[in-house]
Amino acid sequence: MPFIVMALGSFKDVQYAQVDPLFWIPTEPVLKNYVHIFTDGIFLRWIFNSIVITIVPVGSQMLFCAVLGYIFAKKQFPGREVIFWIFMAVIMIPQQLLIIPKYIMFADFGWINTYWSLIVPELWGIMGVFLVRQFLQNIPDDLEEAARMDGASDIQVFFRVILPLSIPVVATVGTFSFISNWNDLFQPLIYMTKEEMFPVTVGLASLLGKEGNFGIEMAGSTISFIPTFLIFLFFQRYFTEGIQMSGLK
């Protein structure tokens, strides 16, 4: 119902939400809100910013989490379990607790109002490593041993045997990463103070005060929702399989 209200409200020529409970049903649908969105350069810049801070972490997390998950699942080395559970313990630390020291550090680096403050911390994800590790523990070691008997190196085993079998969980990691980074409001709100550097989430939060138009805000929200909906729809089969095989039921 909230999504229906959002989509239908985007076709209304109305300044503010009305008291009428059926205010969101457009009696005379208009496209002027979408025309305004796509002709407003600042909104297109917000979309571009969101694409940049989302696509780069998605690609890097899919690769790094696959590699690290493979190492923790199939390789033996001193301190493996200790290091892995230290990683897991980090998940329990709320990101709000670290936001002030991270801001001070990024300010020293000159990363405030730059893409680096949002991209670099998201280049890999601990939860993604956990998912891949759990998934690969269900893959028999005989496949890896057979490849080594044929003379395959570690890199060849990973890219020709392990990675093709890991497509469901890697797609799951990518889906989680995309949705998390695209919809993130908290961190961009802290690190981005210039309007031209806002991602679409922060831009939408400021849109109603800037435009004073309910219909335009609903149009922007609808456009922002479409990428996450399409990503989940496209990867739904892999997403479900990856979650089941990693043991998170």
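**From values to descriptions**

Author: In this predicted model, the largest share of the nonpolar surface patch, three residues, comes from helix H4.

Reader: What makes the nonpolar surface patch, and which helices supply at least two residues each?

Author: The patch, of about 530 Å², is made by Val-82, Ile-86, Val-90, Ile-93, Leu-97 and Leu-98. Helix H4 (80–91) and helix H5 (95–109) each supply at least two of its residues, and Leu-98 has its place in H5. To belong to such a patch, a residue needs over 30% relative accessible area and no salt bridge.

Reader: Why are H9 and H10 called roughly perpendicular to each other?

Author: The axes of helix H9 (residues 154–165) and helix H10 (residues 167–182) cross at roughly 65 degrees and come within 5 Å. Angles of 65 to 115 degrees count as roughly perpendicular, and H9 and H10 are therefore described in that way.

Reader: Which residues of H9 and H10 meet, and how many of them are nonpolar?

Author: Leu-163, Pro-164 and Leu-165 in H9 meet Ile-167, Pro-168 and Val-170 in H10. By class, this contact has six nonpolar residues, with no polar and no charged ones.

Reader: Why is the pairing of Lys-74 and Asp-141 called a salt bridge?

Author: Their side chains meet at 2.7 Å, N to O, and because the cut-off for a salt bridge is within 4 Å, the pair qualifies. Lys-74 lies in helix H3 and Asp-141 in helix H8, so the pair ties together parts that are 67 residues apart in sequence. The structure holds six salt bridges.

Conventions
Residues numbered from 1 in each chain as written. Predicted model: local features only at pLDDT ≥ 70, side-chain atom pairs only at ≥ 80, totals over all residues. Heavy atoms only, no water. Axes fitted to C-alpha atoms, helices over the stretch in contact; angles between N-to-C directions. Helix = DSSP H or I, 4+ residues; strand = E, 2+ residues; numbered from the N terminus. Parallel < 35°, antiparallel > 145°, perpendicular 65-115°, else oblique. Contact = heavy atoms within 4.5 Å. Nonpolar A, V, L, I, M, F, W, Y, C, P; charged D, E, K, R; others polar. Patch = residues over 30% accessible without salt bridge, like charges linked within 9 Å, V, L, I, M, F, W, Y side chains within 5 Å. Areas by Shrake-Rupley, 256 points an atom, 1.4 Å probe, with all protein chains shown as cover.
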